[in-house]
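Trainee: I have the model open and would like to go through it with you, one piece at a time. Shall we start?

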Amino acid sequence: MNHEAAAAQLRELLAGRADPAFAEATQRYFPCPVPALGVGNGEVASLARRWTAERPELSPADLLAVADVLVAQAKHHEETLCGFALLHRIAKRRLGGELLDRARAWLDRHVSNWAQCDDLCLKLLYPYFLGHLDDIPRTREWLDGGPWARRAANVAVVKFVRRQVGKEVYELPLDHALGNCSALLADEDVYVQKGVGWLLKVTAREHPEAVREYLTKRRPQMRRDTFRYALGGLDAADRRALMALGRGGRA
């Protein structure tokens, strides 16, 4: 199939649903202007789902190629999300490690805001990892990437700190979670820091003693916002005790 033509058709379908007022309203979620059509996330996903359902002859390789063109050529926020949405239903069982290769490239070259980063992690990589648990450690390679790859290294695994997968329970190794956070404590990017705090918060619910000890030792190196966000995973007594250690930390 002609992947360029398919991507162009999807862009046209999205443009036909544009709502300038909604596009303007969504800007409040971002610190900088985001080129947007004004199509809701649910409508983007629904459009992608219908488009793929009407073309059952398309192979996983075809869909990945169309998604790649759509993301690489995106001029609007929703076009990037649509590229990810095209792959949602085939991620778990019909895609392999090539998806992670493309995800890293997208994160480093094309993802441009936190919503795109998190959509990729939570709506596409989450189902992929449900079917490919052994690939989760590969996300550690993203720690040396661009800011969105570094954020994704943590956001992509937050749902796997402890997760029922079929009849088994998968637990993200504690040294993976805390090792990621340690590698990024000095990172100056605010969204990377939010990802650190998020992973610590979720990990604290399953490993409160380990995270309490970690926060006690690492507080001087942590940004205050990251520290406070991480505390949200601990009980009230632990939060009070850690806060009582003194202000400390980086601004």
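Trainee: In which helix is the place of Asp 119?

Mentor: Before that, a friendly note: this is a predicted model, where local features need pLDDT of at least 70, side-chain atom pairs count only at pLDDT 80 or more, and totals for chains, interfaces and linings use all residues. Residues are numbered from 1 along each chain as its sequence is written, and side-chain values use heavy atoms, with hydrogens and water left out. Helices (H or I, at least four residues) and strands (E, at least two) are DSSP runs, numbered from the N terminus. Asp 119 sits in helix H8.

Trainee: Is Asp 119 buried or exposed?

Mentor: Buried means under 20% relative accessible area, exposed over 50%, and partly exposed in between, with a 1.4 Å probe and protein chains only. Asp 119 has 10% relative accessibility, so Asp 119 counts as buried.

Trainee: Which residues is Asp 119 in contact with, leaving aside neighbours within four places in sequence?

Mentor: Contact means heavy atoms within 4.5 Å. With the sequence neighbours within four places left aside, the contacts of Asp 119 are Leu 81, Phe 84 and Leu 124.

Trainee: How are H7 and H8 oriented to each other?

Mentor: Axes are lines fitted to C-alpha atoms, for helices over the stretch in contact, and angles run from 0 to 180 degrees between N-to-C directions. The axes of helix H7 (residues 98–109) and H8 come within 12 Å and cross at roughly 175 degrees. Angles under 35 degrees count as roughly parallel, over 145 as roughly antiparallel, 65 to 115 as roughly perpendicular and the rest as oblique. That makes H7 and H8 roughly antiparallel.

Trainee: How many nonpolar residues does the contact of H7 with H8 have?

Mentor: From H7 come Leu 99, Leu 100, Ala 103, Trp 106 and Leu 107, and from H8 come Cys 117, Leu 120, Leu 124, Leu 125, Tyr 128 and Phe 129. Ala, Val, Leu, Ile, Met, Phe, Trp, Tyr, Cys and Pro count as nonpolar, Asp, Glu, Lys and Arg as charged, and the others, Gly among them, as polar. The contact of H7 with H8 has no polar and no charged residues, and the nonpolar count is eleven.

Trainee: What is the handedness of the crossing of H8 and H9?

Mentor: Helix H8 (residues 114–131) and helix H9 (residues 147–155) have axes that come within 10 Å and cross at roughly 40 degrees. H8 and H9 are therefore oblique to each other. A crossing is left-handed if the near helix is turned anticlockwise from the far one by less than a right angle, and right-handed if clockwise. For H8 and H9, the crossing is right-handed.

Trainee: How many charged residues are in the contact of H8 with H9?

Mentor: Trp 114, Cys 117, Asp 118, Cys 121 and Leu 122 in H8 meet Trp 148, Arg 151, Ala 152 and Val 155 in H9. By class, the contact of H8 with H9 has seven nonpolar residues, no polar ones, and a charged count of two.

Trainee: What kind of aromatic pair do Phe 129 and Phe 160 form?

Mentor: Rings of Phe, Tyr and Trp (its six-membered ring) pair if their centres lie within 6.5 Å; planes under 30 degrees apart count as stacked, over 60 as edge-to-face and the rest as tilted. A search of the whole structure finds seven aromatic pairs. The ring centres of Phe 129 and Phe 160 are 6.1 Å apart with planes at 90 degrees, so this pair is edge-to-face.

Trainee: How many residues apart in sequence are the parts that Phe 129 and Phe 160 tie together?

Mentor: Both Phe 129 and Phe 160 are buried. Phe 129 lies in helix H8 and Phe 160 in the loop between H9 and strand S1 (162–165), so the separation in sequence of the parts tied together is 31 residues.

Trainee: Which residues does Val 157 touch, not counting those up to four places away in sequence?

Mentor: Val 157 is in the loop between H9 and S1, and at 0% relative accessibility Val 157 counts as buried. Beyond four places in sequence, Val 157 touches Ile 136, Thr 139, Leu 172, His 176 and Leu 199.
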